[in-house]
Amino acid sequence: MEEAINEIVTELETHNNETPLSESALLALQKILDYTIDKDDPIEFETLSDELSSKSLSLSSSLLRPLTVAIDSGGPHLSLLASKVYLSVLLTPNSHVLSLFNPMAFHPLLRTIRRSFKNHQSGPPSGNVVRKKRGGGGKSKNKGKSVELGDDERETPREFDVRVLFPVIERLQLVVGLIHLDRFPDCLKALVQTVVEIPVIALESCGNSLHYNKLCHLCSEILCELLKSEHGDKMVTAAEVLKSLSSLILMSKSQARTFGLLFVVNKLAVMAKDSDEIRKAMVNFPKYLVGKAPERAELRALAVESILEIVKALEDRDRVDFADYVVKMTLGKPQLRLLAVDLILNLIMSLDDPLGGCLETGYEDSWGFRCLQALLQRCSDSTAGVRARAFTNLAQLVGFLSGKGENKTVLMKVMGFGEDGGINDVLRKRCVDEKAAVRKSALVLISKLTGLQGEGGGFDDTLLKIMGVACSDQLVSIRKAAISALSETFRKFHDDKVTKEWLHSVPCLITDNETSIQEECENLFLELVLDRISQVGSNLKVDQNGVLGLLKEVCNGEVSPWVKKICNNLGKKKKLKPRVVISLQNIIKNSESTWLADSKPVENWVAPPGAWFLLSEVSGFLLKSVDWEFLYHHWQLLDQHESSNDPVDEEVVGTESNSFDWAGDRVFLLQTISNVSVELPPEPAADLAHNLLKRIEDFNMHSMEVNAHVKALRTLCKRKAKDPEEADALVIKWVHQLLSKASKTLENYMTKYSKVNTDSSLFTPLSGSRKGNRSSTTMSRLLNQAVSAVYTIGSLVTVCPSADLKAIVPVLHNIITSESSISDPKLKKVSGVSVSIKQTAPSLYNQAWLAMGKICLADDKLAKRYIPLFVQEMEKSDSAAVRNNIVVTMTDFCVRYTALVDCYIPNITKCLRDPCELVRRQTFTLLSRLLQRDYVKWRGVLFLRFLLSLVDESEKIRQLADYLFGNILKVKAPLLAYNSFVEAIFVLNDCNAHTGQSNSGSSRKETLLFSIRGNDEKSRSQRMHIYVSLLKQMAPEHLLATFAKVCAEILASASDGMLKIEDVTCQSVLQDAFQILSCKEIRIPTNKGQSMETSEMEEEPAAENAARGRVITQVVKKGLIQNTIPIFIELKRLLESKNSPLTGSLMECLRILLKDYKNEIDEMLVADKQLQKELIYDIQKYESLKAKSTAAEAVGKGVNVNTVNAGSRVSSAMAGALAEVTAKSVLRDVNQGAGTPSLSAMNVPKLKSSTGGGLKSKARSAAVLESLRRRQSFELDDES
């Protein structure tokens, strides 16, 4: 020890205070200090002190300064060694801590600890490297040395070992226990920041988790020591510690974040229970984290998780306070609102009993109830991102809370089922929100609410329809969410309304463009329809009401086409199971046995609707599962019920009768037999074929049965024949046999028809005698046979196009031309028909056109002759059935003879405005299919005529039109809306100014038919709906171009005189143009808050593209406005000169442009301040006049000023108008001699007297009123 003491004393005698101690001196001093601390014997350290005193050196002055320099200026190893020595000096027994502790040494010590972690990979810099920053010549000197040194002489970098820091940090912990840092607030703050920073910077240097855990433990102990009262105010210290820890807690997942979170939850929370000061800081810490929470979604989620862990460590009262704070956050800025809805979700799901804490006073006083109310309010937030997140979180909470029965009542109360402004109203609005994320999250909430809605009896039928409409949304994600929500509802409820909506919305998506949706549609149909039928059918004791309703809706005409396609796809994929067929057979058998058990006649029994239909669709893929005995029994049963005994009038299609139901069952039974005909035994198959042929020859079946019989007969011939040639020969043989008999039947009727009409008097009814009655019955029977024969002819032509029809075509020609033959004497003589069949036998007339269409499809030469006749009849016929059938026929012609029919497409489009909804819908659907398959092109008037379907009276047609324009055309023809937009404005207003030509008589009718002419509110709103629908399909660049085209082709034309302002249609065009330029759909959406509106995490390339697009857009907008404003100014002067009523519309549009494009307009008008002032003055004057008119209208209706939610300008105008009305009323009373009412009866403000004399004031008021009564009458401005 003496050598070490001598070495230290010797160096300190000759040492300069500006240079650090040598490493050998530091090691010697550390040796003495270690001995002193370990042995708790200060003799050696006192000896050193005495030696220094003998040399006139003090320990505090001579040793402290070199140590500080060594800590601050030495290399990592030397600084760390000096730091350890300094801390050891402070820990030496009997040392003067207050004189030895110096902030000038403590701050470098903390910096050394931080630097040791940061420089753990780099070699220790030498002393002169540090000095080169301080001295001028150090750089070149050091550079020369590094060049001259060899590889063996260079100092190799030392690998950093974190364990060398443990003694330093341990001694630092002990020193903190000795020194009261309340006198050194800067040291306290620096120490807190250093200790908190150590877990972060030690992540990379600590490869061993044990070493890292030890470091974190030491840091935790130091922070706990600092929170003692010896170091100052606990609340201030705790606040500093928590503030420093916030950066750790809000960082991404790491060990450092875990350390910070565990320290707060496990250490500080425990200390807060014993210290009110620390508790206050702890309570405020979650609120502080709320303000520091990052915006990125991932980090924000971690922040919410951290805040929740801290809140869980608080006491109950503090949790409630924080929950109330979160409720207030929902009224703050968008970022706070978004964070609040996430916090509400986690608070309710993590904390105990959120809704039952106030059962004595009611759940309305619980914090969870207030949070749920706030979350429900955020579902209508102005920011789309907040709305979407609120719906998503509310859906999770509904699923979480509805698991407990006592919470359902609270949820029902919060949601407000069946109440005005409740959740149903919110969902009804948000399911059609403009933002896709909101629509999707709203649908998710609906799927979660189904249980509550059903139990509460408040299930909203409108929500079902909204979910159904959402299944046809433009976005794939929305369609998937709607399918999921509606299917979840269908799983839980077997209500007829739910079943109907699901079957009308989901199966049709089997034709969706997205493959995943098609597969989901198939899987859901398999699960929710077929599996459900299988389960019920296999257990007949189970209540079948739900399944019977399901089967009935499956065979609906709007659902059955999609069911057929789904069953076909499932069958091809071999997903259909035999138990489906067995169950359907059991359902039919059970229905029959139940009917017979009640002793009811079997001829009145009808199988459950839809059972035979579904069996016919699935039986083709499950041949061996169908029981032939079952089919044969029901065929015999259905065949015994002769439809001829109870003829059904073809005109009464909608009436439900037993005969009609049995005919439908026979059709599906025949289809089932055709499907399994391969498995039929030979003899029953032959008997069946003979029976089918015999029934067809009788021509007494319902038209819906004819096709089934013909197809079944053809199938039996083809499958039971030895080879294809034999099968074709058999088919041709019985086809010609049937055609011959049909021809005879038709000729027989026509002969009888001509004879009856020739012999009978036009003025004497046939039923006037017994003979007339008998003749009428005979003609009715012959008519039914003729109708069936004509329909059979069409079916036979479809089966065998090569059949000989020479004898039939002339007869059909006479029927379809009977009306024109009567009007023309020459044709009447040739045809021999004296009375129009169209009037006397409309069913035959209709079927004749249908059969002729099928014949023309098989014969192209005949088609060329008869297509003009079809077009003529389609336009002139007063029968909706004939028009509908001809539209179907013409679309078939368009596929088969495209070139022939192309010129008649405008004629077909007239049916889009047909009086009958069925014809309009059929025309729209068929033409849409032709357009998708490119048989028809979007050119000419076709697109413009399709636009009117967007505002059709029928809701179904409007939905189809929205889907066509929003989904199909947007992808197939994205430029169509842009190219035809301006022309659509002129056409819809029936204005010819853009063409410069006047329409002829016939074309005038067409233009009126396909225009929405008029300036009334309904016409304007319909036109505006069409414009908005087109604008929604355009890309941003097309919106800008459309803006320019409307200005150039409409507004500029009006200002140049090409568009006559005096014309009514031109005025409508101008007004529509102003409304279009003012609407929000034509404006390019800004990117403010884009992270909340769409994706919260945006990739860098997408962000760069968006920024580039914004720059381009700004440039284009600037140029656009510079070209537009002069047009507006010129048009404004023209309208004002002619006192046009359009001036108000122009000013309103200009006001919106000045608001939306303020920066661009300011830049354009910077050189013309006078013009800028004139525009601003005109806008202000217009707004003032508008406010006065609005106020006068409101006052005239008796609206209270206080209840009107209007701007300050309107409110002021209303107050002025009300005052004027009041003044005029008082003056009228004075002129008429009416007495002024007493002050108590007048609604006037009460004023305090300045003198306080109540009696004197009353006397003065009475005197004033008396003087007013004696005054002469006044002359009013508006009275004579």
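Guide: Contact means heavy atoms within 4.5 Å. Among contacts between residues at least 6 apart in sequence, 71% join residues at least 24 apart in this protein. The model is predicted.

Visitor: How many helices and strands does the protein have?

Guide: It has 62 helices and 0 strands. Buried residues account for 46% of its 1280 residues. The accessible surface is about 63,800 Å², with 51% belonging to carbon and sulfur atoms.

Visitor: Why is the pair of phenylalanine 101 and phenylalanine 106 called tilted?

Guide: The structure holds 18 aromatic pairs. In this one the ring centres are 5.2 Å apart, and the cut-off for a pair is within 6.5 Å. The planes stand at 55°. Stacked needs under 30 degrees and edge-to-face needs over 60.

Visitor: What makes phenylalanine 101 and phenylalanine 106 count as buried?

Guide: Buried means under 20% relative accessible area. Phenylalanine 101 has 6%, and phenylalanine 106 has 2%. Both values are under the cut-off, so both residues count as buried.

Visitor: What makes phenylalanine 1074 and phenylalanine 1128 an aromatic pair?

Guide: Their rings are 6.4 Å apart, centre to centre. That is within 6.5 Å, so they pair. The planes are at 40°, an angle that falls between the limits of 30 and 60 degrees and therefore counts as tilted. The pair links distant parts of the chain: phenylalanine 1074 is in helix 55 and phenylalanine 1128 in helix 57, 54 residues apart. Phenylalanine 1074 is buried at 1% relative accessible area, and phenylalanine 1128 is buried at 0%.

Visitor: Which residues do ring pairs link into a cluster?

Guide: Tyr845, Trp849, Phe870, Phe893 and Tyr897.

Visitor: How do you know that lysine 854 lies over the face of tyrosine 791?

Guide: Lysine 854 is 4.8 Å from the ring centre, and the distance cut-off is within 6 Å. The charged end of lysine 1045 also sits over a ring, that of tyrosine 978, at 4.6 Å from its centre.

Visitor: What makes arginine 428 and aspartate 425 a salt bridge?

Guide: Their closest N and O atoms are 2.5 Å apart. The cut-off is within 4 Å, so the two residues form a salt bridge. Both lie in helix 22, 3 residues apart, about one turn of the helix. The structure holds 42 salt bridges.

Visitor: Where do glutamate 875 and lysine 910 lie in the chain?

Guide: Their side chains meet in a salt bridge of 3.5 Å, N to O. The pair links distant parts of the chain, 35 residues apart. Glutamate 875 is in helix 43, and lysine 910 is in the loop between helix 46 and helix 47. Glutamate 875 has 38% relative accessibility and is partly exposed. Lysine 910 is partly exposed at 24%. Elsewhere, salt bridges that share partners join Asp276, Arg279, Lys280 and Asp318 into one network.

Methods. Residues are numbered from 1 along each chain as its sequence is written. This is a predicted model: local features need pLDDT of at least 70, side-chain atom pairs count only at pLDDT 80 or more; totals for chains, interfaces and linings use all residues. Side-chain values use heavy atoms; hydrogens and water are left out. Rings of Phe, Tyr and Trp (its six-membered ring) pair if their centres lie within 6.5 Å; planes under 30 degrees apart count as stacked, over 60 as edge-to-face and the rest as tilted. Buried means under 20% relative accessible area, exposed over 50%, partly exposed in between (1.4 Å probe, protein chains only). Helices (H or I, at least four residues) and strands (E, at least two) are DSSP runs, numbered from the N terminus. A charge sits over a ring if NZ of Lys or CZ of Arg is within 6 Å of the ring centre and within 35 degrees of the ring normal. Accessible areas come from the Shrake-Rupley method with a 1.4 Å probe; for residues, only the protein chains shown count as cover.
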